[in-house]
Amino acid sequence: MTSNENRATDEPAASDGGFAAGETKAGDPDQTEAPLIETNVTADVDDDDGGASFGTTIIESRGLDVFYGDDQALQDVNLEIPENQVTAIIGPSGCGKSTFLRCINRMNDLVDVARVEGELRLNGKNVYDDDVDPVALRRKIGMVFQHPNPFPKSIYDNVAYGLEIQDKDVDTDAVVEESLKRAALWDEVKDRLDESALDLSGGQQQRLCIARAIAVDPEVILMDEPASALDPIATSQIEDLIEELAEEYTVVIVTHNMQQAARISDMTAVFLTGGELVEYDATDQIFENPASQRVEDYITGKFG
Amino acid sequence: MARESYQEKLEALRDDVLYMSELVLERLRLGVDALEQKDEELAWEVIDGDDEINQLYLDLESECVDLLALQQPVASDLRFIAASFKIITDLERIGDLATNLGEYSIEAQRDVYPEVDIQAVADETIDMVQAAMEAYEREDAEACYTIADRDDAVDDQCERASETVVRDLIEHEVDADTDDTEVEQLMADVSRMLLTIRDLERVGDHAVNIAARTLYMVENDDDLIY
């Protein structure tokens, strides 16, 4: 960890090792120390561009560096992701956008050569602190991948699985139904819950994976290219779903599809080559008038 | 440079908009000449040419729509297309105003208000349109503000000209002996003159619109849009 020296003044009381350690103040005084990226994110925003308030920060990265062996995949990323909104991360291949996403729920722990420095906070608590249990963390931060990956089990069991391993005392039938409804899949599968999930179409499987992710009631849902393997109809269903999910969850989505980012996200972060966060702002600002010329060149296709 | 055919289409749109502006300005100059010289032949040339401008307008409109639908432009490309889409409407309207001038010239068979300097107002507004299109071509934000400022003087000039015409009408001696034809002629002259002044004033307004959209295009600044 490199940024411990920054923490004396603003570390919230988070000694219980949990994540509900009080809300991070959006107007952190340290924010002014991160001028390396173009960003209009400030505490009191309701800016005159018509953008809505950026809201309360739920996820915050501070001086985040990630290395895969000798290669640096992320360079000093400082980013505040607002609660109950959709934040899109875009950028060319190899820019570190998926790496950043995987830092949020410590999926990079599973990569032997990966080394993370700096801080990634959830509700003010650094998820890389020694007292954080990554498994507990991932219950709060669900993830949906590019290719739907349902378990080779029944539709019902796929959704109930997370509940069972958590050994929660809940009405499993009710949670399964509710999760499938929220994932906009219930009507299509309610009469065949005991059939194999693998018999569903690609789009249905992806919605099932979303239902599985939300069944354990996370705070954040990470999505890594969730619609890139789907046809246009299934893609629109997923996009509609993402907007609805943001009413209750914070959604962070990595996508190669810039139009998709423009359509569904409230905030957009643009990473460019070398793992550098170049600009982070309200989505309409990024796509109508980005501050950075490099971002302009990238999104208009003049990159390289 | 990636997306080459897309970049070429954007350049083609810019060239086409500039071409349309040259055509419209040419018609506007002819319209003013027709009016000043009472040249009916010239007037018909302007009136008959309006179809060409309208067709060009429709072609450019569909060029813009195609780019929006097929290329999903963003950032400065998006602002360029959005601005061009609005600017061609202003150009088309200027074409209509040129046609009006042609029509007034056919109707008016005598000089009625030599003291009103139509040519001066026309020269200024034509030059404003020219300057606005140059700002669009060069992406010159500074020039846009200058054009907007010039319009205040044009508005004043037009207001004074209208007052001259109206005052003259009030002071005109019409009594029982004045024959009906003369009264009708007077009414027609006055209203035509007022319309001419109004139309030229509108040319100036369109020049400001073009400058406003250009400023938005260049700097994402909607300061001049109303």
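## Helix pair α6 and α7 of chain A

In this predicted model, A:G202, A:G203, A:Q206, A:R207 and A:I210 of α6(A) are in contact with A:A234, A:Q237, A:I238 and A:L241 of α7(A), a contact being a pair of residues whose C-beta atoms, placed from the backbone, lie within 7 Å. The residues of this contact divide into 4 nonpolar, 4 polar and 1 charged. Ala, Val, Leu, Ile, Met, Phe, Trp, Tyr, Cys and Pro count as nonpolar, Asp, Glu, Lys and Arg as charged, and the others, Gly among them, as polar.

The axes of helix α6 (residues 202–215) and helix α7 (residues 232–245) of chain A come within 9 Å and cross at roughly 20 degrees. Axes are lines fitted to C-alpha atoms, for helices over the stretch in contact, with angles from 0 to 180 degrees between N-to-C directions. The two helices are therefore roughly parallel, the term for angles under 35 degrees. Their crossing is right-handed, meaning that the near helix is turned clockwise from the far one by less than a right angle.

A:Y156 is found in helix α3 (residues 155–166) of chain A; helices (H or I, at least four residues) and strands (E, at least two) are DSSP runs, numbered from the N terminus.

Not counting residues up to four places away in sequence, A:Y156 touches A:V176, A:L193 and A:D194. A:Y156 and A:V189 are 33 residues apart in sequence and 9.4 Å apart in space, C-alpha to C-alpha.

## Chain B

Chain B contains 6 helices and 0 strands, and its C-alpha trace spans about 80 × 35 × 25 Å along the principal axes. Of its 226 residues, 38% count as buried.

B:N209, in helix α6 (residues 180–219) of chain B, is buried because 23 other C-beta atoms lie within 10 Å. B:N209 lies 10.0 Å from B:A83, C-alpha to C-alpha, at a sequence separation of 126 residues.

## Contact between the chains

The contact takes 12 residues from chain A and 11 residues from chain B. On the side of chain A, α9 (283–288) and α10 (293–299) each supply at least two residues.

## Conventions

Residues are numbered from 1 along each chain as its sequence is written, while chains are lettered from A and ligands numbered from 1 in the order in which they are written. For this predicted model, local features need pLDDT of at least 70, side-chain atom pairs count only at pLDDT 80 or more, and totals for chains, interfaces and linings use all residues.

Technical notes:
A residue is buried if 20 or more other C-beta atoms lie within 10 Å of its own, exposed if 12 or fewer, and partly exposed in between; C-beta atoms are placed from the backbone. Two residues are in contact if their C-beta atoms, placed from the backbone, lie within 7 Å. Angles under 35 degrees count as roughly parallel, over 145 as roughly antiparallel, 65 to 115 as roughly perpendicular and the rest as oblique.
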